[in-house]
Amino acid sequence: MDNRTAGQRDSGFSFSQGTGWRLLALKTVLPVFLTVILFISTMYIIALPSLRRVLMDSKKEMIAELTNTVWGLLIDYNARVESGELTVAEAQERAINRIEALRYGPEHEDYFWINDTRPVMIMHPYRLDLVGKDLSDFKDPAGNNLFIDFVNTARDGGEGYVEYLWQWKSDSTRVVRKYSFVKSFTPWEWIVGTGMYVEDVYAEMDLVTRRVNFVFFIILALVLVISLFIIMERREIEKKRLRTEQSLLMSERKFRSISSSAMDAIVMMDHRGNVSFWNNAAEKIFGYKAQEVTGKPLHDAVLPLGSDIGHAEVMKEFRETGQSRLFGEVFNMIAGRKDGTRFPVEMTISPVMIEGEINVVGIIRDVSKRIEAEEELRESRERWTLHIDNTPLGYIHWDRDFRVIDWNPAAKAIFGYSPEEAIGRRSDELIIPEDVLPLVDGVWQNLLEQKGGTRSTNKNITKDGRDILCDWFNTTLVNDDGKVIGVSSLVRDVTEIRKAEEDIRKQSAALEQAFDGIAVVGMDDRIQFVNTAWARMHGYTAEELTGQDYSMSHTEKQLRGEVALLFEELERSGGASGEVGHRRKDNSVFPSRMTLSRLLDEREKPAGIIVTVQDISERKRLLDQLLQAQRVESIGHLAGSIAHDFNNLLSPILGYSEILLAELAPEDPRADDITQIKMAAERGRNLTRQLLAFGRKQMLEVKKVDLRGILTGFEKILRRTIREDIVLEIKLPMEPAMIEVDVTQIEMILMNLAVNAVDAMPDGGKITITVSETLLDGDSIQVRPGTIPGRYVELSFSDSGVGMDEKTANRVFEPFFTTKEQGKGTGLGLSTVYGIVQQHKGNIRVHSEMDTGTTFHVYLPKIEVVNSVVDENEKSFSEEVGGDETILVVEDDNIVRALVFRILSRYGYRVIQSGGADECLNNLQSLSGRVDLLLTDVVMPGMNGRELYDRLAGKIPDLRVIYMSGYTDDVIVHQGIIEDGVNYIQKPFSSSDLARKIRDVLDTAGGTPAG
């Protein structure tokens, strides 16, 4: 096609393109929009209204099923009544409690109610004002007798639906339609029911409609996009068709271009055998230009004398028969170039009809390089055979049936069979054990299907019956047609290698799993290897450390100091060990026990250094804690001793000031001064108690307290204990939560639970502490053995941490059980919490789920506190609390002894005083009359107060005793004086305190004198 014609076709294409595109668009879009209109009609006229009815029926069936479920619950309880397990009242009470707690619906706010046929409302979870009332006159907002309709419906059919008007859930002024399903329970004359709001169903349907609208618009958009895409694709197809037509016009030109660029010589000869076409490749191969050979016989130009194929005879045979024996055949011959050189060629000839004349096209290929390659291949095969015969790898050639075709000497050495014994036999007859045959069959099948199996390792068997392990390298053999004709395999015996590798693997695993860090340092001071423990200790990965200078593991000061000394010791003795600091990636330093030893090569020459590191941070920390505890204990002893002496000084100040105030008239101006002295003494007494508490020398006291106050006061300490990424929320009730506890121990519970929760939330989270009141009845006690039924204060401590599985949760209160890493926990925290709770006659349980969190529930007995009319601490000194009994006072401090004598004498007691135990025993010899009470200091020279009482008790019948001391953690505790019922008064004490204590002990009828 000439340029003019092509240009005309391009112009016509532009016109037809615009017209065809518009027609195509119309044909595509119109059906789409008709389909959309049909879809809308079907959806909004038929489908959605039908769906609304179906949804309403489904909701009504749902409330019917729920009511039937509750009805079935009543059947179960009535069966327990009939069996005698429960009374009717017990069964009804339990049924009401369970049904009242039942909730359902998306927000768990839907409920059930119960009334009887009278009708009286028996149970309604929200309308408590209706419970117990006669509902005959109760009407819904439409004026209907609502509950009468319920009763009639249940009585007439046993069950049924009731439609009525009712107040909206969150707006009492709004009245809406509602459906309820009621069902009669005849044995108890009860009617149980539940309901649904019609507007809730409509709201769900509106949500479905909105979703349908959204999906519809998405589908419409997709349809429009797809339609546009189809139109554009059709337009492109039309363009391609027209371009194809234009390309066909260039075919002749392209043929000549291809012929010119072909690698083989393409020659055309006319019916006389003369050359009519000669391509570029022919010029390059033979050295003749086209004009030099055109019109000449081919054999005269390029073929040697005597190689003429008989062109005339070929043409004659073709004209007569339509075929020739030479057409399509490949001729191998020697051709000649223009320069006279000779070279081998391949030639094929084919007939071509041109203008009614038969022409011949010949394709001539220079095969000199191929023949050279074939020669090289032959030589290569000879070398390959030589290599196969001498390689240490076994070589086996298999056919498709897994029979041996070739078997080299190495295969004989491995398996013991000679080539003559192996060739022609199947693998399972030679080397494959029966137990691994299925595995090998799978590998073989994959090879035949060319799916893999190029390498495998499996057990084999030798001629003499030994089991060996072999590595197989398999190659599928494929012919020119792509058909698998066999498999070539290379095999090696790796039995000993694998054994050595397994030994190395075990050694490597032991090295990697070692708790101590291990590193190998080369002679160039570069780190060659570190195990996992070393990398973890230093905060690096093994890859980051490998190749680095070892000096990075220490600070400059350490390298010049203790590290240098260890390396010097290594040079002298071949090994060294000592405590050295190691530097982490973040430049922090941890203490370690480092050991150095030489690494020798196979020639016993130094090849490096083995460095072993044991992190002793925990050991150091525990040692520091021990030293700190010893220091605190020492300070505590000092504080106790000081407080003891200070109490002896405060006792007379407090006592005499109280006596003076009692003797002075209220209007006496000296009374204010003495009051100030008394207040100063009381502040000193409080100070000593703080010292005793610090030194842990004061006995813990059980008090009646409000748990809310403990949490409020301890909140700041808790917030300082937890991390900033953890939220602390405390929920306290409005009413007091009174318990009788040791406040310090409760704070210890809170602290241990907080520490445990923080460890469970490494990435942050939330701690929630809730206080509530609960009743532990018979059912709940079954899961809390040992708990006395009654009302308890419940302390719930929750975290949002990693949680625990059931097995772990069952063991958390065991002593020394911990899930933390070694050195990170003692396992005593939760067992301590458990012990404290048990001591307070409470109980504790734990609930936990993996990845959800953990909640500890602590139950402490709730107490009722009645305020006393008169506080005994405020009683007047002048009240009648004295007596005329005889009291032995034994006190080694003269000032305190004089004070006690003064106080007791003022109260009318007969007082016999002694400065020590020996003096008291001597005075007893001359004593006449009855002795009623011994008031003795605990710590005295020679003999302590308990020993003195033991001596006197055998001589004086019914002798009572009161012990005095400045602190309690001395011989009082260590010698067993502090027991239940023992009488004890803490120094310093006031006159009124001492007088009341003595009177209480003397007035205790039948009490054990010594406790």
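This is a predicted model: local features need pLDDT of at least 70, side-chain atom pairs count only at pLDDT 80 or more; totals for chains, interfaces and linings use all residues.
Helix axes are taken here as lines fitted to C-alpha atoms over the stretch in contact, with angles running from 0 to 180 degrees between N-to-C directions. Two packed helices are described by the angle between their axes and the distance between the axes. For helix 28 (residues 917-925) and helix 29 (residues 945-953), the axes come within 10 Å and cross at roughly 15°. Helix 28 is therefore roughly parallel to helix 29, since angles under 35 degrees fall in that class. The crossing of these two helices is right-handed. On the side of helix 28, the contact is formed by A917, C920, L921 and L924; helix 29 contributes L948, R951 and L952. By residue class, the contact of helix 28 with helix 29 comprises 6 nonpolar residues, no polar residues and 1 charged residue.

In soluble globular proteins, nonpolar side chains tend to be buried together. In this model, the largest nonpolar core contains 39 residues. Within that core, the residues with the most contacts are L707, L750, I767, I769, L795 and F797. Helix 23 (residues 743-759) supplies the largest share of the core, 7 residues. The surroundings of I769 were examined with its neighbours within four places in sequence left aside. On that basis, I769 is in contact with L711, L718, L728, E729, I730, K731, L795, S796 and F797. Another core, of 31 residues, lies apart from the largest one; Y77, A95, F112 and V201 are among its members.

Backbone geometry was considered next. Most residues other than glycine have a negative phi, and most peptide bonds are trans. The peptide bond from R118 to P119 is cis, with omega near 0°. P119 is placed in the loop between strand 1 (113-116) and strand 2 (121-123).

F402 is located in the loop between strand 11 (394-399) and strand 12 (404-407). N587 is found in the loop between strand 18 (575-583) and strand 19 (589-600). The relative accessibility of F402 is 8%, so this residue counts as buried, the cut-off being under 20%. N587, with a relative accessible area of 54%, is exposed, because the class applies over 50%.

How values were computed. Residues are numbered from 1 along each chain as its sequence is written. Side-chain values use heavy atoms; hydrogens and water are left out. Helices (H or I, at least four residues) and strands (E, at least two) are DSSP runs, numbered from the N terminus. Angles under 35 degrees count as roughly parallel, over 145 as roughly antiparallel, 65 to 115 as roughly perpendicular and the rest as oblique. A crossing is left-handed if the near helix is turned anticlockwise from the far one by less than a right angle, and right-handed if clockwise. Contact means heavy atoms within 4.5 Å. Ala, Val, Leu, Ile, Met, Phe, Trp, Tyr, Cys and Pro count as nonpolar, Asp, Glu, Lys and Arg as charged, and the others, Gly among them, as polar. A nonpolar core is a set of buried Ala, Val, Leu, Ile, Met, Phe, Trp, Tyr and Cys residues joined through side-chain atoms within 4.5 Å. Buried means under 20% relative accessible area, exposed over 50%, partly exposed in between (1.4 Å probe, protein chains only).
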